[in-house]
Amino acid sequence: GVSCGQCQVMVSDPYHSVLNPTHSSEQKVLTRASDTYDENSRLACCIQMRPELNEMVVVVGNNRS
């Protein structure tokens, strides 16, 4: 399961809209980091890589605990 949340990234469109759905455990971890969370936040460890995500650019958040 997802527990640490140290790999938070921001994914912008058009890629954010084609990512796999956010799992409930990922959502819980993201909302705990509410100071850096926004609607484009995801945990990099939970993103399923697929060919249509080729050339996706992400912004790495401040993931210090």
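This is a predicted model: local features need pLDDT of at least 70, side-chain atom pairs count only at pLDDT 80 or more; totals for chains, interfaces and linings use all residues.
**Contacts, fold and local geometry of the chain**

Q: Is Y37 buried, partly exposed or exposed?
A: Y37 is placed in the loop between α1 and β2. Its relative accessible area is 30%.

Q: How far apart in space are Y37 and Q48, C-alpha to C-alpha?
A: In sequence, Y37 and Q48 are separated by eleven residues. In space, their C-alpha to C-alpha distance is 20 Å.

Q: What radius of gyration does the chain have?
A: Along its principal axes, the C-alpha trace spans about 30 × 20 × 15 Å. A compact globule of 65 residues would have a radius of gyration near 11 Å, and the chain agrees with this, having a value of 11 Å.

Q: What share of the contacts with a separation of 6 or more is accounted for by residues 24 or more positions apart?
A: The reference set here is the contacts in the chain with a separation of 6 or more. Of these, the share from residues 24 or more positions apart is 77%.

Q: What percentage of the accessible surface of the chain belongs to carbon and sulfur atoms?
A: Of the 65 residues, 28% are buried. The accessible surface of the chain amounts to about 4400 Å², and the part belonging to carbon and sulfur atoms is 52%.

Q: With which residue does R42 form a salt bridge?
A: The structure holds two salt bridges. In the one formed by R42, the closest N and O atoms are 2.8 Å apart. R42 lies in strand β2 and its partner in helix α1, so the pair ties together parts 16 residues apart in sequence. Both residues are buried, and the partner of R42 is E26.

Q: What is the N to O distance in the salt bridge of E52 and R50?
A: E52 is partly exposed, at 44% relative accessible area. R50 is likewise partly exposed, at 25% relative accessibility. Their side chains meet in a salt bridge with an N to O distance of 2.6 Å.

Q: How far apart are the mean positions of the positive and negative charges of the chain?
A: The chain has 5 positive and 7 negative charges. The distance between their mean positions is 11 Å.

Q: Is the peptide bond from D13 to P14 cis or trans?
A: Most peptide bonds are trans. P14 lies in the loop between β1 and α1. With omega near 15 degrees, the bond from D13 to P14 is cis.

Q: What phi does E55 have?
A: Most residues other than glycine have a negative phi. E55 lies in the loop between β2 and β3 and is exposed, with a relative accessible area of 65%. Although E55 is not a glycine, its phi is positive, at about 75 degrees.

Methods
Residues are numbered from 1 along each chain as its sequence is written. Side-chain values use heavy atoms; hydrogens and water are left out. The radius of gyration is taken over C-alpha atoms; the globule rule is 2.2 Å times the number of residues to the power 0.38. Buried means under 20% relative accessible area, exposed over 50%, partly exposed in between (1.4 Å probe, protein chains only). Contact means heavy atoms within 4.5 Å. Accessible areas come from the Shrake-Rupley method with a 1.4 Å probe; for residues, only the protein chains shown count as cover. Lys and Arg count as positive and Asp and Glu as negative; His and the chain ends are not counted. The place of a charge is taken as NZ of Lys, CZ of Arg, CG of Asp or CD of Glu. A salt bridge is a side-chain nitrogen of Lys or Arg within 4 Å of a carboxyl oxygen of Asp or Glu. Helices (H or I, at least four residues) and strands (E, at least two) are DSSP runs, numbered from the N terminus.
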